[in-house]
Each structure stands twice: as structure tokens, then as C-alpha cells.
Amino acid sequence: MAICDWPAEQRPREKLLNSGAQSLSDAELLAIFLRVGCAGLDAVSLAQHLLAQFGSLRAVLAADHQQFCAEKGLGSAKFAQLHASIEMSRRYLLADISENSVLDSAESAKNYLSIELSHQQREVFAILLLDNQHRVVQFAPLFFGTIDAASVYPRVVVQRVLEKNAAAVIFAHNHPSGVAEPSLADKQITTKLIKALALIDVRVLDHVVVGCGETVSFAERGWI
């Protein structure tokens with residue numbers, strides 16, 4: 001039976017309009033994005049198939065171009081639409097934490113950095129540059145790939161801090177595996193950079209590790 005022949009209260013689009021997007025399952029949300037199914041599958045059935053193939057909605061959204069297009073019912077046009085939607089959502093969420101916003105707590109910093117880094121498919125080490133009132137000067141991704149103490153260069157960090165005349169910084173990086181628990185290497189990087197920035201009287205306020213649905217703050221753990 002085609003979705004248009006379902007009872008109105010069961011159709012994803014009508015359900016969203018009547019009860020809000022939060023009332024929909026992952027499959028129903030994905031079905032609205034897909035709009036149509038493919039041979040033998042309506043949009044909801046196709047969405048359920050994709051969730052089973054990839055393992056989760058997050059995995060569908062994080063799939064690269066080749067992985068995404070290898071599934072039936074998908075293609076480059078859908079991939080482009082999906083990533084445009086993700087980027088619009090990211091920009092919407094960041095709109096209230098724009099340049100000159102004050103990050104006045106570990107929680108506000110965690111929220112900001114989670115939006116910036118949680119969608120990344122590779123490891124990214126970034127610094128959040130702040131002025132002396134803890135207003136955002138710049139979010140600066142600096143290092144990419146496998147991050148360890150040997151691949152993060154203090155001179156690059158110091159150079160960016162001096163260029164922007166920052167008074168304080170927050171370090172951040174993501175764990176694409178989804179587990180936010182800091183590693184020994186994460187702690188070594190932090191110690192190394194704190195020492196380098198102390199030489200130019202710049203405070204390190206925190207180091208935030210972003211995982212899947214969770215973040216860990218060094219400051220909240222008492223490590224900074």
C-alpha cells in the first residue's frame with residue numbers, strides 16, 4: 001500500500017504537521033527527507049532498510065559519497081540534498097553563538113564545540129580563541145587526521161593566538177569513534193600546549209573532547 005493510502009495519522013508528513021518533528025521515529029524522519037521510495041519499497045520501508053544497513057541514523061548521515069550512493073534508492077542528488085540540510089542545520093544552531101558571543105561556562109563551550117565538531121568524519125583538533133571577556137574571536141581548526149602529541153605543533157597554536165591577539169583559548173577535538181573519553185595522548189597534548197601558551201601569558205580555559213552525543217570537559221574533570 002502506498003503511503004498516500006495510509007491512515008492520515010500514520011503518514012510521516014501529516015504526523016509531523018500535527019504532532020511535531022519530535023514525535024517521528026528515525027525511519028519516519030528519513031522517509032520525509034527521501035520523499036519517495038524505490039522499486040518494491042515505499043519511502044518508510046526504504047528508510048528502515050537504510051537504517052538497518054548502516055546501523056543508525058547517525059551512520060546514514062555520516063556516510064561518505066561512495067557508501068551513500070551504493071545503496072538502492074540513493075544517488076548524488078540525494079547526497080547533495082542531505083549535506084546541504086546538515087549544513088543549514090549547523091549554521092542555524094550556531095547563529096546564536098556567533099562572533100562576539102560570550103562563553104561564560106563549560107556547558108556553553110561544550111554546546112558550541114559539539115555543533116562545530118560532532119559532524120566531522122575525521123579527527124580535527126581546533127582552538128577556540130577568546131578575548132579577555134571570553135567573547136568568541138575565532139574558531140580555528142588547525143590539525144587533521146590521527147591526532148597525537150607528536151602531530152600537534154605548539155608553534156602553530158602560538159602563532160594563531162598571536163595573530164588574533166587572543167587572551168584565552170579552549171582546545172577541542174573530536175573522536176569519530178563516538179567515545180568522548182580522553183586518551184593519554186589527549187592529556188599530553190593539553191599539558192604541552194598549556195606550557196607553550198603560558199610563555200605568552202595566554203590562559204587555557206578548557207579542552208573539550210566531542211564524541212557521539214556526549215562531550216567531556218577537562219575543566220569539569222578538574223584537569224585544568
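**Figure 1. Composition and make-up of the lining of the largest pocket.** The lining of the largest pocket in this predicted model comprises 15 nonpolar, ten polar and three charged residues. In this division, Ala, Val, Leu, Ile, Met, Phe, Trp, Tyr, Cys and Pro count as nonpolar, Asp, Glu, Lys and Arg as charged, and the others, Gly among them, as polar. The space in the largest pocket amounts to about 920 Å³. Of its 28 lining residues, R58, L61, I86, S89 and H119 are the closest to the centre. Two or more lining residues come from each of α2 (26-34), α4 (57-62), α6 (76-94) and α7 (106-117). Helix α6 provides the largest share, eight residues. A pocket is an open set of points on a 1 Å grid over the protein atoms alone, where a 1.4 Å probe fits, with protein on both sides within 12 Å along at least five of seven lines; lining residues have an atom within 4 Å of a point. Grid points are joined across faces, edges and corners, and the volume is the space filled by probe spheres set on the points. Helices (H or I, at least four residues) and strands (E, at least two) are DSSP runs, numbered from the N terminus.

Residues are numbered from 1 along each chain as its sequence is written, and side-chain values use heavy atoms, with hydrogens and water left out. Because the model is predicted, local features need pLDDT of at least 70 and side-chain atom pairs count only at pLDDT 80 or more, whereas totals for chains, interfaces and linings use all residues.

**Figure 2. The second largest pocket.** This pocket has a volume of about 250 Å³. It is lined by 13 residues, and those closest to its centre are I3, C4, R13, R35 and A43. The elements that contribute two or more residues to this lining are α1 (12-19), α2 and α3 (43-54). The largest share, three residues, belongs to α1. By class, the lining holds eight nonpolar and five charged residues, and no polar ones.

**Figure 3. A nonpolar patch on the surface.** The patch consists of I194, W223 and I224, which together have about 230 Å² of accessible area. W223 is located in the segment after α10 (218-221). W223 counts as partly exposed because its relative accessibility is 37%; buried means under 20% relative accessible area, exposed over 50%, and partly exposed in between (1.4 Å probe, protein chains only). Patches are made of residues with over 30% relative accessible area and no salt bridge, nonpolar side chains (Val, Leu, Ile, Met, Phe, Trp, Tyr) being joined within 5 Å and like charges within 9 Å. The areas come from the Shrake-Rupley method with a 1.4 Å probe, and for residues only the protein chains shown count as cover.

Figure 4. The structure holds eight salt bridges, each defined as a side-chain nitrogen of Lys or Arg within 4 Å of a carboxyl oxygen of Asp or Glu. In one of them, E87 pairs with R91, and the closest N and O atoms are 2.8 Å apart. These two residues are four apart in helix α6, so about one helical turn separates E87 and R91. E87 is partly exposed, at 23% relative accessible area, whereas R91 is exposed, at 56%. A salt bridge also joins E107 to K110, with 3.7 Å between the closest N and O atoms. Both residues belong to helix α7 and stand three residues apart, about one turn of the helix. E107 is partly exposed, with a relative accessible area of 41%, while K110 is buried, at 10%. E107 and K110 are linked with E220 in a network of salt bridges.

**Figure 5. The salt bridge between E14 and R11.** The side chains of E14 and R11 meet at 3.6 Å, N to O. Both ends are partly exposed: E14 has 26% relative accessibility, and R11 has a relative accessible area of 22%.

**Figure 6. Two loop residues with positive phi.** Most residues other than glycine have a negative phi. H134, in the loop between β1 (124-130) and β2, has a phi near 65°. H134 is partly exposed, at 25% relative accessibility. N165 has a phi near 55° and sits in the loop between α8 (154-163) and β3 (168-174). N165 is exposed, with a relative accessible area of 67%.
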